[in-house]
Amino acid sequence: TWREIDNIMDNGNSIALGSIYQGGCWDHDADAATASVPAVFKSTDDGATWQRKALSAAAGEIVTLETNPSDKNILYAGGYATNAEGRRTAVLLKTTHGGNDWNSVNFPTPAGVSSDIMDILIDPNSTSRILVATRMGVYTTTNGGTDWRNPSVSTVVTCLAADARTAGKLYAGTQGAGVYATTNGGTDWSQMNTGLTCKYIRCLEMDPVQNVLYAGTTTGGVYRYSIGTGVQDRDIPQPGVFTLNQNYPNPFNGNTVIRYTLNKTENTRLSIVDMQGRLVRTLWDGIQSAGANQTVWNGKDASGRDMPSGLYFCRLETGDGALVGKMVLQK
């Protein structure tokens with residue numbers, strides 16, 4: 001069942017989750033005749049109330065929001081504003097205080113052409129590396145926006161995704177040219193379109209646990225690409241080899257019990273990873289007896305620090321394969 005938590009935005013283009021909920025959108029002011037302007041709405045009470053923050057006086061909109069995975073109070077907002085000649089110019093802004101204030105980030109805008117920002121990606125393996133998708137291609141910075149590298153792919157880029165398991169491995173979806181991949185942080189790109197019959201990509205999403213890239217297209221539905229690491233082939237064990245039950249309680253606040261059954265005594269590894277595929281904590285790594293087993297996770301990482309609310313994955317690995325379960329920590 002869906003519950004409406006906002007009805008004051010004309011367009012809800014993007015959502016970013018952190019200590020707050022951020023809705024990237026455009027809207028009209030109280031006067032319906034006033035042109036839409038780039039604006040962000042912030043809620044600190046689970047959507048019960050919202051505060052509007054206009055980010056530009058010029059007509060335009062905010063298309064995308066991105067939260068720094070290492071600091072939830074750092075967000076980027078991207079979109080466009082309309083200049084005096086009626087052309088779109090890229091708008092890129094940053095907040096370091098959870099949306100309370102925003103500052104413009106220097107961004108190159110080619111002269112004489114329209115340019116707007118379609119998507120923003122902060123590399124989870126190197127948060128100083130930021131990629132920005134535009135109609136001119138992907139711009140990259142490694143120092144937070146002080147300097148930018150011009151696109152090496154000259155095509156309309158609509159969306160971006162990162163492989164959190166591999167540093168510098170990133171993906172870009174395009175409008176008509178399919179999907180591109182880079183293994184060096186955006187310096188060089190190559191197409192990965194084998195089996196992709198629709199090359200108009202609307203969105204990309206990486207499953208960091210199963211190591212699968214998903215692409216949503218304009219007219220061809222959703223595609224699935226298994227990233228070749230040598231791990232994927234053994235992720236699904238033979239039926240009856242072992243089982244991983246749903247943790248209980250779920251969602252949980254405090255402790256949750258993870259139950260699983262082994263058909264033989266063997267070396268077993270039970271770990272918790274976050275949505276970016278980063279290891280949070282190893283709960284068991286060693287020989288474990290056949291039969292029913294259980295382990296408790298207290299919502300802390302390997303250093304004893306409390307983890308924030310969100311979705312986590314429990315991964316059970318044996319010599320026969322691996323199983324993954326989803327868990328929701330809710331404080």
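**Strand pairing and cysteines in a predicted model**

Strands β16, β17 and β18 form an open sheet of three strands in the order β16-β17-β18, with antiparallel pairing. Strands here are DSSP runs (E, at least two residues) numbered from the N terminus, and two strands pair if DSSP finds at least two bridges between them. The edge strands, β16 (201-207) and β18 (222-226), each pair on one side only. From one strand to the next the twist averages 20°, where axes are lines fitted to C-alpha atoms and angles run from 0 to 180 degrees between N-to-C directions. Strand β17 (residues 212-217) is joined to β18 by five bridges, and Gly216 has Val222 in β18 as its bridge partner.

The structure is a predicted model, in which local features need pLDDT of at least 70 and side-chain atom pairs count only at pLDDT 80 or more, while totals for chains, interfaces and linings use all residues. Residues are numbered from 1 along each chain as its sequence is written, and side-chain values use heavy atoms, with hydrogens and water left out.

Strand β13 (residues 170-174) runs antiparallel to β14 and is joined to it by four bridges; Tyr171 stands opposite Ala181 in β14. Four residues lie between the strands of this hairpin, where Gly176 takes a positive phi near 115°. On the other pairing of β14, two bridges join it to strand β15 (residues 190-191), also antiparallel, and Tyr180 stands opposite Gln191. In a regular strand the side chains alternate between the two faces of the sheet. In β14 (residues 179-182), Val179 and Ala181 point one way and Tyr180 and Thr182 the other, and all are buried (under 20% relative accessible area; exposed is over 50%, partly exposed in between; 1.4 Å probe, protein chains only).

No disulfides (pairs of cysteine sulfur atoms within 2.5 Å) are found in the whole structure. The sulfur of Cys203 is too far for a bond because the closest cysteine sulfur, in Cys159, is 6.3 Å away.
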